Amino acid sequence: MRLVSPLLFLLLALPLLLAVNTAIFKRYTKAGTGCPCWFDIRRKDCACCKGQLKKVMQCGWPMHHYCYKKSDRFGCPGIPNNKYTFSTRGYPCFFDHDRKDCAWCSPGGYQCGPGQKAGPEAKDGNRCQTG
């Protein structure tokens with residue numbers, strides 16, 4: 001019974017441990033909405049960034065209301081599998097080029113296939129992987 005309590009605590013606390021502290025975006029984000037989204041220029045509900053453009057980037061979906069320090073290799077914190085994913089939406093799907101609800105991948109990453117686990121239909125949207 002001793003193992004049940006720590007295990008139960010971990011299961012209950014896990015969502016809090018995985019949540020992103022949005023304070024890390026504050027120094028880079030001027031406003032949470034009002035600027036065109038880089039992953040879909042028809043949208044105007046993305047963050048407006050502050051600072052030098054070569055040092056700051058607008059985050060992709062689902063963190064599109066924030067800006068962060070620029071990286072050519074990683075997506076913003078809070079984006080699923082951000083080591084290989086810049087945005088979970090906006091890029092043509094490899095399996096259907098007419099669909100634009102798939103992930104933008106970082107160099108060396110590739111879109112995960114269609115399906116409920118990691119495709120555009122997944123709870124957290126499409127993401128990228130390597131290997």
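Q: In this predicted model, which cysteine does a disulfide join to Cys35?
A: A disulfide requires two cysteine sulfur atoms within 2.5 Å. The sulfur of Cys35 has its partner at an S to S distance of 2.0 Å, and the link is right-handed, with 110° about the S-S bond. Cys35 lies in strand 1 (residues 29-35) and the partner in strand 2 (residues 46-49), so the pair ties together parts that are 13 residues apart in sequence. The residue joined to Cys35 is Cys48.

Q: What is the relative accessibility of Cys46?
A: Cys46 forms a disulfide with Cys37, their sulfur atoms 1.9 Å apart. This link is right-handed, with 100° about the S-S bond. Cys37 is buried, with a relative accessible area of 0%. Cys46 also counts as buried, and its relative accessibility is 0%.

Q: Is the link of Cys59 and Cys76 right-handed or left-handed?
A: The two cysteines are joined by a disulfide with an S to S distance of 2.1 Å. Cys59 lies in the loop between strand 3 (56-58) and strand 4 (67-69), and Cys76 in the loop between strand 4 and strand 5, so the pair ties together parts that are 17 residues apart in sequence. With -90° about the S-S bond, the link of Cys59 and Cys76 is left-handed.

Q: Which residue forms an aromatic pair with Trp38 that is edge-to-face at 5.7 Å centre to centre?
A: Planes over 60 degrees apart count as edge-to-face, and this pair has 85° between the planes. Trp38 is partly exposed, because its relative accessibility is 31%.

Q: Over the face of which residue does Arg89 lie?
A: Ring pairs link Trp38, Phe39, Trp61, Tyr91 and Trp104 into a cluster. Arg89 lies at 3.6 Å from the centre of one ring. The residue that carries this ring is Trp61.

Q: Which residue in strand 6 is the bridge partner of Tyr91?
A: Strand 5 (residues 85-91) is mostly covered, with five of its seven residues buried. Three bridges join strand 5 to strand 6 (residues 102-105), and the two strands run antiparallel. In strand 6, the bridge partner of Tyr91 is Cys102.

How values were computed
Residues are numbered from 1 along each chain as its sequence is written. This is a predicted model: local features need pLDDT of at least 70, side-chain atom pairs count only at pLDDT 80 or more; totals for chains, interfaces and linings use all residues. Side-chain values use heavy atoms; hydrogens and water are left out. Rings of Phe, Tyr and Trp (its six-membered ring) pair if their centres lie within 6.5 Å; planes under 30 degrees apart count as stacked, over 60 as edge-to-face and the rest as tilted. Buried means under 20% relative accessible area, exposed over 50%, partly exposed in between (1.4 Å probe, protein chains only). A charge sits over a ring if NZ of Lys or CZ of Arg is within 6 Å of the ring centre and within 35 degrees of the ring normal. Helices (H or I, at least four residues) and strands (E, at least two) are DSSP runs, numbered from the N terminus. Two strands pair if DSSP finds at least two bridges between them.
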